[in-house]
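Student: Could you take me through one part of this structure closely? I would like to look at its aromatic rings.

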Amino acid sequence: MKFLAITLITDSSDALTGVPTPTRERFRQVVSSALLAEELGFDGFGVGERHERPFLSSSPPVVLAHVAALTHRIRLYTAVTTLSLLDPVRAYEDYATLDHLSDGRLELMIGKGNGSAQRELFDVTPEDQWERNAEGYELFRKIWREDKVTARPRFRPALTAAEVLPRPYQRTLRVWHGSATSRESVDLAARYGDPLFSANVTHPIGPYAELIRHYRERWEAYGHDPAHAVVGAGTAGFHTAPSSQRAVAAYRPAFERYLAAHRLQGAAPVFATLEDFVERSSALIGSPQQVIEKVHRYHEEFGHTVLHLQAEPGGLTDAEHRASLELFQAQIAPELRRSIPDPSFADAPALPRAPRSPDL
């Protein structure tokens, strides 16, 4: 199993004082989290993309380029790139540049994104966002692979023998498809023979397990070898300590923030108590052995070989968060790496080409 540390760069306040954190300082904290992730041995560091409150993560390629300059080994992820909102030509230019700056450490997660405010900001409707996402990915993928591109997309001007520069460092880019509740994202991933990353953060396991089963069914329907399907999964929260009692007690302030966010939105929380959250959500809160056992239970349903944890404290103190990540890498990660192998993307056989849209 491989492990990613991911942040959505929420506009936050100090966990102890409640004082709002200046934006400049928030970005410094994100960079520090990336450096810590590399120091501790995480396989990847991811930055989400959002274009509305309370997020500051509107420009992942800029943040990741800065991280690339300060790191050497860790792979760099987006979580997710919202292609339904972006011009795929411009997105390609940003990420091909980042691919070179990072010496080929880039991997993308793509998705349509959530939130009505960001749809309105980019003049995207609920009715066309899925088509924009699929078309944007098809064109992005085509530009990445071909030196000159001719295409007649619906949502941007046509291209005729267009040369888009720079050409990428990695001729084949690994692209994950992020999915929370939608079969459209799952089907798109299966169609292209791409890996799926299940958000797995809001609800109990059931809906996510159903979508992953659907992904594997569609994967086979498109003619791909079942052995080559790759799945990643998120976690709703994380904190480990030598005992479950210490882990739960330390995480309680973070859970109170979760409840406060729901009250602010006027929405009922899916998990009303911390005990229910620990038991039924995807959160990994407990002793190292409890975390290992829960990941294995989820693996029985998902078959996932990549897992993400929260890169930032999220209500814990910096010291608590670092100690938790250190314990994870010392006692949890080695066992999960041993017991749940992750297939190497570089060594996987070439997958069949996906069917082309008639307009691209």
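Tutor: Here is a walk through the aromatic pairs. This is a predicted model, in which local features need pLDDT of at least 70, side-chain atom pairs count only at pLDDT 80 or more, and totals for chains, interfaces and linings use all residues. Residues are numbered from 1 along each chain as its sequence is written, and side-chain values use heavy atoms, with hydrogens and water left out.

Searching the whole structure gives 15 aromatic pairs. Rings of Phe, Tyr and Trp (its six-membered ring) pair if their centres lie within 6.5 Å; planes under 30 degrees apart count as stacked, over 60 as edge-to-face and the rest as tilted.

Let's begin with F3 and F328: their ring centres are 5.1 Å apart and their planes meet at 90°, so this pair is edge-to-face. F3 sits in strand β1 (residues 2–7) and F328 in helix α11, so to speak distant parts of the chain, 325 residues apart. Helices (H or I, at least four residues) and strands (E, at least two) are DSSP runs, numbered from the N terminus. F3 has 0% relative accessibility and counts as buried; F328 is also buried, at 0%. Buried means under 20% relative accessible area, exposed over 50%, partly exposed in between (1.4 Å probe, protein chains only).

Now turn to Y258 and F277, whose ring centres are 5.5 Å apart with planes at 35°, so the pair is tilted. Y258 belongs to helix α8 (residues 244–265) and F277 to helix α9 (residues 274–280), 19 residues apart. Both Y258 and F277 are buried. Ring pairs also join Y258 and F277 with Y251, F255 and F271 in a cluster.
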